[in-house]
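Subject: Structure handover

Hello,

Here is the structure we talked about. Please open it next to this email and follow along.

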Amino acid sequence: DVEFETWKPSGFREFDHTALDPQLKRNIQWTVHELITSQQLYAEGRIMHHCAGSYAKRCAAGEKSIWSLRALDLDAAEENQIQECVLTIEVDNKKRAVVQNAGKFNLKPFGKKHNAKQRNTSNVYLHLLRQSPTFMRMWMDREGLSHG
């Protein structure tokens, strides 16, 4: 079992933007949340099938912050509304730079398709993943973050 750690937020602000997705023809609420406990990191890692959980020490030390970019279909019936984790973002707090981002199974928004990984993800997810850089960029621009 992992010890529960919590740490101070980085000081960058969370993000919330709603946009009509022309392909899905649905209103999507895009959010960027900072993960500030070891439990949140491990949960993100489990959902996304990557190693977000291993960043707890660096986050607690204030070196890094880990953010979850999520999409919510506002047009779905309320009981079907699930916030989809689309992209996990690593920020180097001192450099004020996004140093890494990864989708489920470490898929990249513009990466070549990996068939085995593709089969484990839905077409809607892959579409959202391809859209995600637009909203990550809006958040980065607002917070003055560069690509590291």
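Predicted model: local features only at pLDDT ≥ 70, side-chain atom pairs only at ≥ 80, totals over all residues.

Two strands count as paired if DSSP finds at least two bridges between them.

Residues are numbered from 1 along each chain as its sequence is written, and side-chain values use heavy atoms, with hydrogens and water left out.

**The sheet, strand by strand**

Start with β1 and β2. They run antiparallel and are joined by 7 bridges. His-17 sits opposite Trp-30 of β2. The hairpin has 4 residues between these strands, and Lys-25 in it takes a positive phi near 55°.

Next, β2 pairs with β3. The sense is antiparallel, over 8 bridges. Ile-28 has Asp-73 in β3 as its bridge partner. Leu-35 stands opposite Ile-66 in β3.

Then β3 pairs with β4, again antiparallel, over 9 bridges. Lys-64 faces Asp-92 of β4 across that pairing.

How covered are these strands? Buried means under 20% relative accessible area, exposed means over 50%, and partly exposed is in between (1.4 Å probe, protein chains only). In β2, 7 of the 10 residues are buried, so the strand is mostly covered. In β3, 9 of the 10 residues are buried, so β3 is largely enclosed by the rest of the structure. Keep one rule in mind as you look: in a regular strand the side chains alternate between the two faces of the sheet.

**The cores**

A nonpolar core is a set of buried Ala, Val, Leu, Ile, Met, Phe, Trp, Tyr and Cys residues joined through side-chain atoms within 4.5 Å. The largest one has 26 residues. Trp-30, Leu-69, Val-86, Ile-89, Val-91, Val-98 and Trp-139 touch the most other members. At least two residues come from each of β1, β2, β3, β4 and α4. The top contributor is α4, with 8 residues.

Which residues does Trp-139 touch? Contact means heavy atoms within 4.5 Å. Not counting residues up to four places away in sequence, Trp-139 touches Arg-13, Phe-15, Val-32, Trp-67, Ile-89, Val-91, Val-98 and Leu-145.

There is also a second, separate core of 7 residues. Trp-7, Tyr-55, Ala-56 and Ile-66 are among them.

**The pockets**

Pockets were found on a 1 Å grid over the protein atoms alone. A pocket is an open set of points with protein on both sides within 12 Å along at least five of seven lines, and its lining residues have an atom within 4 Å of a point. Points are joined across faces, edges and corners, and the volume is the space filled by probe spheres (1.4 Å) set on them.

The largest pocket has a volume of about 220 Å³. Its lining has 13 residues, and Asp-73, Ile-82, Glu-84, Val-124 and Leu-128 lie nearest the centre. Two or more lining residues come from each of β2 (26-35), β3 (64-73) and α4 (123-143). The largest share, 3 residues, comes from β3.

The second largest pocket holds about 160 Å³. Among its lining residues are His-50, Tyr-55, Ile-66, Glu-90 and Asn-106. Both β4 (83-92) and β5 (97-102) give two or more residues to this lining.

**One lysine to look at**

Lys-104 is in the loop between β5 and α3 (115-119). Is Lys-104 buried or exposed? It counts as buried, because its relative accessibility is 15%. Leaving aside neighbours within four places in sequence, Lys-104 contacts Ile-47, Met-48, Glu-84, Cys-85, Val-86, Thr-121 and Tyr-125.

Best wishes
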